[in-house]
Amino acid sequence: MTSMTPSFQAENALLQLARTIQATGYHFTTVTPATHERVNRRPGNEWARSLRGVFGWSRPFHKDLLPSDLVAQMRAADVVTPHDNGWRSLVRLSTLDGQLFLHSAYPTADADAVFFGPDTYRFAAAIHNYFASNGSGSREVTRAVDIGCGAGPGAILTALARPEAAVLAVDINDLALYFARVNAALAGALNVQPHFSNLLTNVDGEFDLIVSNPPYLADPAERAYRHGGGPLGAGLSLAIVEAATERLAPGGTLLLYTGAAIVDGFDPFRAAIEERLTTSRSIAWSYREVDPDLFGEELAGGAYATVDRIAAVVLTATRQ
């Protein structure tokens, strides 16, 4: 799949392809890139032998593996490319909470690659926990937004939980918005509206709920889906906090899932959040670690040479 905006015909073909695969009972849980690489390196995993191999593990496949009509759908959607004497899919499909999500194939090396992985599952859990702990007695959500929506899981899960709400899915990556549109249609989340926007600059008004799972690593290649910028990758997360808290409606909540680099037992990201939010009497907030150790391979050097660990954290900030 190229960086160009796909045609309506290609988008419809991609949706039909996903529905065809969904009808088979396909299921795949996407792992970290390091795990993906290790599993694919095992003897016998050079070529796909099933739908999971093609669309989950991103392995090349021989021409006679898939039904011809399925390959025709892939061609119509422009998501298949020649590989040696076979083919390779340019998309992956992952399952989450009974839904199927399209995203970029492994390895996600392209500048506009759309990531989906273990962070997505943790982000989804944070959204579920928010709705579970703020049930029927919570503030009504009539307008929500997912900042940096990627393939759209945050927006779609929010839309399915609150079908009466208008839910925006915003991103600066056209390919991400493309996947988000198709995934919303696949999930039947008709109240999701993908929209190009850098943070909230291209959308108006206030929101009852803002969710976000931004990139948070210091990536030397500065890939958009991975690089958070700023100190130890925290730049984008801090920018989201500043932008979102200005656009919360009274009683509205920001739910931010991100990563925090811990240095000598100290969390500089939390300290920066505290500096920004504790001086505001209008914002009540909580902050917790949900996984103490992510992406340990990043600690080998570079920006993380003095970092103890990278933790997954959830920030909840509510305007009073």
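Contact here means that heavy atoms lie within 4.5 Å. The structure is a predicted model, in which local features need pLDDT of at least 70 and side-chain atom pairs count only at pLDDT 80 or more, while totals for chains, interfaces and linings use all residues. Residues are numbered from 1 along each chain as its sequence is written, and side-chain values use heavy atoms, with hydrogens and water left out.

With neighbours within four places in sequence left aside, S237 is in contact with P214, P215, Y216, L256, T258 and F269. This serine belongs to helix α8, where helices (H or I, at least four residues) and strands (E, at least two) are DSSP runs numbered from the N terminus. S237 counts as buried because its relative accessibility is 1%, the classes being buried under 20% relative accessible area, exposed over 50% and partly exposed in between, with a 1.4 Å probe and protein chains only.

Grid points are joined across faces, edges and corners, and a volume is the space filled by probe spheres set on the points. In the table, Ala, Val, Leu, Ile, Met, Phe, Trp, Tyr, Cys and Pro count as nonpolar, Asp, Glu, Lys and Arg as charged, and the others, Gly among them, as polar.

| Space | Volume | Lining by class |
|---|---|---|
| Largest pocket | about 730 Å³ | 23 nonpolar, nine polar, five charged residues |
| Largest cavity | about 40 Å³ | five nonpolar, four polar, one charged residues |

The lining of the largest pocket comprises 37 residues, and G148, N213, P215, A224 and Y225 are those nearest its centre. At least two lining residues come from each of α5 (118-133), β6 (143-147), α6 (153-161), β7 (166-171) and α8 (235-245), with α5 giving the most, three residues.

Two of these elements, β6 and β7, run parallel and are joined by five bridges, and V145 stands opposite L168 in β7; strands pair if DSSP finds at least two bridges between them. Strand β7 is largely enclosed by the rest of the structure, because five of its six residues are buried.

The count of cavities of 30 Å³ or more comes to one. Residues lining the largest cavity include T30, H36, R92, Y106 and F116.

Notes:
1 Å grid on protein atoms, 1.4 Å probe; cavity = no way out; pocket = protein on both sides within 12 Å on 5 of 7 lines; lining within 4 Å.
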